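Here are my notes on this one, point by point. Have the model open as you read.

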Amino acid sequence: MSEINIEAFHLETRSEHAVAQLVRLFCKVPTMRVLRPRAHKGWGLKSAMMDTNTEPHNVCWSSTRLPTATHDPTFAAVETREQRKFDIVRYQDTKISLVGFSSASKCLELYRPNFATLLCFSYSPATFFWLNPLHLLYKKQLTPIRSKINSPSCVLYLCATINMATKDSVPDYENERVFERNRLPPRAYFLPEHSVLLNGSWRFNYAACPAKAPFESDEISPSSVIDVPGHWQLQGYGKPHYTNVQFPIPVDPPHVPSENPVGTYETDFHIPKTWAKDGAMRYRLRFDGVDSAFHLSVNGFQVGYSQGSRNPAEFDITNFLLRDGTNTNRVRVQVYQWCDGTYIEDQDQWWLSGIFRDVNLIAFPENGHIEDFTVQTELDEQYKDAKLKLDIQYSLKSSATVKIELHGPAPEKALIISGEAFSLDAGSTEKSFTFDVKNPSKWTAETPSLYSLSIVLVSDANTLQTIQQEVGFRQVEIKNGNLTVNGQAILLNGANRHDHHPEFGRAVPVEFIRRDLLTMKRHNINALRCSHYPSHPEIYSMANQLGLYVMDECDLECHGFYDAIARPLEIPESEPYEDRKKLTFPQSAKFTSDNESWKPAYVERMKQMVHRDKNHPSIISWSLGNEAFYGQNHKAMYDWAKKFDPTRPVHYEGDIEAISADMFSYMYPPISDLIVRATEDGDEFEKPIILCEYAHAMGTGPGALKEYQDAFRTHRRLQGGFIWEWADHGLLKTAENGEKFYAYGGDFDDFPNDGNFVMDGLCDSEHNPMPGLVETKKVFQPVSIQKYGNELVLNNLYDFSTLDHLSATWKISNFSAGSPETIVESGVLQLPKVKAGNTTKIAIPSLQHVIHDSSEWWFSISLSLAATNLWAEVGHEIAWAQFPLNGSASYEVIAVPKALDYPVIAENSWKFSVSNSDLVFEFDKTTDEIMKWIVRGNDIFENGGGPKLTFWRAPTDNDIPEIAKYWELFGLDAMQKQVRSCKCSTEADGTLQIITTSWISPPILAWGFDTTTTYTINGDGSLKIQVHAEPRGSMPTTLPRFGLEMELSKLIKTVKWFGLGQGESYRDMKEAGKVGVWTSPVDGMITNNAFPQENGNRTDTKWVHLLSGRGPGIAAVLKSQNPAIESGFDFSIQRHSAHELEKAKHPYELASSDKVLFRIDGSHHGLGTASCGPPTLEEHSLKCQTLDFTFELTAIA
């Protein structure tokens, strides 16, 4: 079905001939007859024959407004003050909407862009003239030709727009120059007093393509409903689709697939009767987010079009409404899954469609209202006194007064500006004000002092409008090469955040957003990048109040053009990124970013973001978008932004020369490269360096956060950045076995996809903290605490705050082998006043209690909130540190070897055994494995699962891209053992000893380890295992890990250890680990990643006990280690083997298991962030070298 919209201006009752001529023109039929409808208020049409020489064709009229008259061949007109409508004309497969207006000026007001055809003629059928519509519209006026026209009143203005009418037409959603029709200009976000939220259950129709979508006259079944806000893919229509870089559609901008699903939304509403008492109103519909484009109609009137999924769209619908409070108004929204804007919304997230943010009916007084306002603050050179600048844009029918008040921060809310009144003249549209404010409290992320600005519009003693706005007095500058707030260089301890909810997608409830921000603050995060689009409009007010610096990012990314260029060139991903950029980025930019035709769309997206969010003090920088290469359109965006808002710097990582950016920005640079860039200009630089993305937090990790932070704090030019990213994007799904899990790319049969690359957050898909976030909190802590001699040195790392809001507690603890922590002394420290950036020294108290014995003594200090604030309760820990007060203890379970009592020893060609009343021990000499170890009747190992030397770990997300493939190349996942010798003997001290030599090597290859393993069995049944392994042959440079794996009795339920805890830790992710004696159930030792992989390691462990409520247990302690890489050993407890974890792609694929798999390691390779970033640092890599370690295992009750 084709569709034609015809707008007729200055329409008279005798104009049916002109209407018929237009219908004939566009329908391309030789003749047409308009059937005579019933007259309605003088608007009836007469019969009209276009050509009497040809058999006429009938055109049926039907009403879209009155459901009962849908098939009645009569015309039902709807009349308003300024607009009249002929509802629907149908001819064969074409439908035509006819709209009449009272003046040509309404054409320019409501139908500005891109009319297909413009006709202008007199009432005489013999005289009509064609005009060039674009020429007239660019002049912003309609100029009728007056030939043979006696007076202007005899002129008929007819304008026809064809949305998808003929095969030669271009739909709005495939025209990069059409990104709105009749959408109101962008403005600051605020909802007026007259506002009704239209969220809820809407009627819904899902069509496979636009041609199959319902007409205005078609009813939508009331039984087919959908939730608004929401995505139709998450409500049973279509399917979610995930890609990171690549486009999910063929690349041919601005064209999109013919199979372009359309969701038609419909709901009814009334104008609240209570609004009538406030006089005449102008009514609007506001959509805060619709993906990806939509046409809007109200009461059958076509209102407009919008695209830009994460930007608002607001339409004036006054002339289309029934407003007496009793009549039902109907809104219909036709949403397209794909549009030309899809090509610049390729933002590493789920492709999800629909109305996903709030829909509001709002009203402004017709006599006058404030349309928009801009608040800016300016501090003097001393950053003490301030100027408050206010610009307002308004519409008035008569003169009015605007009253302005400013109240100070809570709780006092002192009156700062007292009801100053200013007259506004009718006909004027804008006015500016400046107010002096003496020494206001300054807004920063650390001190989020907010003032309350009240703007009241009054006319004839009647209040027309009141606006409340938070104001933060702060000034953002690039000063001395640094990003500064109120003259002070700041450090961004930030995170990237997408809008995500595990069930609702990007339709995120406000309380869920607030929970995100609260969690950020509680984990010492002070900055938020809205990646890669403006977030929910409420998030900025939350950031104002809680104290977060915000980088607000334009809804713009077209990364997929990279694949369109790179794949045909067969550029390997292993090629250095900078080289790949040179080969592909200029060509990629030509699609849209460096294409003049797309410039208006680019600039419009920037305008939308800046205007909506401009009044929030938390926003300290704008971003031009993400991964959209670089071109002339970015320059145009930058130029507009700097002209409109010179108070904020602009960021864009894709501009590698920072031509159109006020800072240099990088993604995932190696720390060594970052330091080179930070120092290459010495201390004379003009722009800072900020990492818009770093430390890719995918799966187990990220590693090396501390090293990044050390670089930030060492080099003035480095001002921090934003970890990628805040949370996994899993969508809740049910597997065939009924188990719920969090799905990623490919789980919905979506192709192409980028798999689990969407699961890369510091939080899981429910936005609960993962170990990476706990590590982040420690690394970001704003107070550094060091120990020098008997003193503590506290360095205040805040940019503005003193330490007055913190209280300090301390304790001295003693740890003995196998025993719980003993707190010897504790107390409260009085912190001196320490200004931001300064240090202080404090004597360590109660050192006289420390005894230098064989146990370990530790001093712990904790800094916590001294009072409850908006984001945490009193006592919430902000920073902490621990220091040993004596040398490390030696935790030997067996101090003196003890001979076995009355051992019975047996040996044959393949087995060695020893037993007595307390012990049964059997050893397989051919496999170098313990077959049985029973102590006091308790079987320690399950199913003969004695200790085995292994090197493999289930690849982490950071291993998979490169290092895991390298390790597999060297066969570390398939090592085999050849036993070369086995000697069993009784030693002079009465202990038994078994010494084996073996060759451990992978198939195919000629490298491996020559190993010597010594097993010593003591009289109490304890077992000491010493492993010496020397690599030989063409070996790898690194190893995943090395240690012993064993399967313990299923009776083991509890794990107790002394070392770093409570959560998992690795050699490059252990800053958050606290020294202590920790206890956990077996299942609590496992980190349940959405993508199974290596997890749950504990490092720097001194001893570990695995206990059962009844029956056997085992104690393990490291006796010696070479090389001494860590201060202790690593261990983990799992239910599944490394190969089982590696094979599974989702948790539900792991069979239920009650196994207790105990792994105790001499050392472990670091994690790094190579899933998208640098590999494990050299100092955290486990080198392939001679390895020597000794563990002692003791059976315990």
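**Notes on the model**

1. Let's start with a ring pair. Phe585 is buried, and Phe629 is buried too; buried here means under 20% relative accessible area, with exposed over 50% and partly exposed in between (1.4 Å probe, protein chains only). A word on provenance: this is a predicted model, where local features need pLDDT of at least 70, side-chain atom pairs count only at pLDDT 80 or more, and totals for chains, interfaces and linings use all residues. Residues are numbered from 1 along each chain as its sequence is written, and side-chain values use heavy atoms, with hydrogens and water left out.

2. How many aromatic pairs are there? The count comes to 47 aromatic pairs, where rings of Phe, Tyr and Trp (its six-membered ring) pair if their centres lie within 6.5 Å, and planes under 30 degrees apart count as stacked, over 60 as edge-to-face and the rest as tilted. Take Trp350 and Phe748: the ring centres are 5.6 Å apart and the planes are at 85°, so this pair is edge-to-face. It links distant parts of the chain, 398 residues apart, with Trp350 in strand S23 (residues 349-351) and Phe748 in the loop between strand S46 (740-743) and H12. Helices (H or I, at least four residues) and strands (E, at least two) are DSSP runs, numbered from the N terminus. Both Trp350 and Phe748 are buried.

3. Back to Phe585 and Phe629: they form an edge-to-face pair, 5.0 Å centre to centre with 80° between the planes. Phe585 sits in helix H7 (residues 577-589) and Phe629 in the loop between strand S40 (619-623) and helix H9 (632-644), 44 residues apart. Elsewhere, ring pairs link Trp202, Phe204, Tyr206, Trp232, Tyr237 and Tyr265 into a cluster.

4. Now a sheet. Four strands form an open sheet in the order S29-S28-S31-S32, with antiparallel pairing; two strands pair if DSSP finds at least two bridges between them. Strand S29 (415-424) and strand S32 (462-471) are at the edges, each with a single partner strand, so one side of each has no neighbour in the sheet. On average, neighbouring strands of this sheet are turned by 15° against each other, direction ignored (axes are lines fitted to C-alpha atoms, for helices over the stretch in contact, and angles run from 0 to 180 degrees between N-to-C directions). Strand S31 (residues 451-459) is joined to S32 by 9 bridges, and Ser452 has Glu470 in S32 as its bridge partner.

5. Helix H11 (residues 705-714) has Leu705, Glu707, Tyr708, Gln709, Ala711 and Phe712 buried. Among the elements covering these buried residues are strand S36 (492-497), helix H10 (671-679) and helix H12 (771-779); contact means heavy atoms within 4.5 Å.

6. Have a look at Phe664 in strand S42 (residues 664-667). Phe664 is buried because its relative accessible area is 18%. Its C-alpha atom is separated by 6.6 Å from that of Lys687, 23 residues apart along the chain. Not counting residues up to four places away in sequence, Phe664 touches residues including Ile656, Lys687, Ile690 and Arg717.

7. Ser1065 lies in the loop between strand S65 (1054-1061) and strand S66 (1074-1081). Ser1065 counts as buried, because its relative accessibility is 1%. A polar atom of the Ser1065 side chain lies 3.0 Å from the backbone nitrogen of Thr1099.

Definitions and conventions. Polar contact = N/O pair within 3.5 Å; in protein donor to acceptor, adjacent residues only side chain to side chain.
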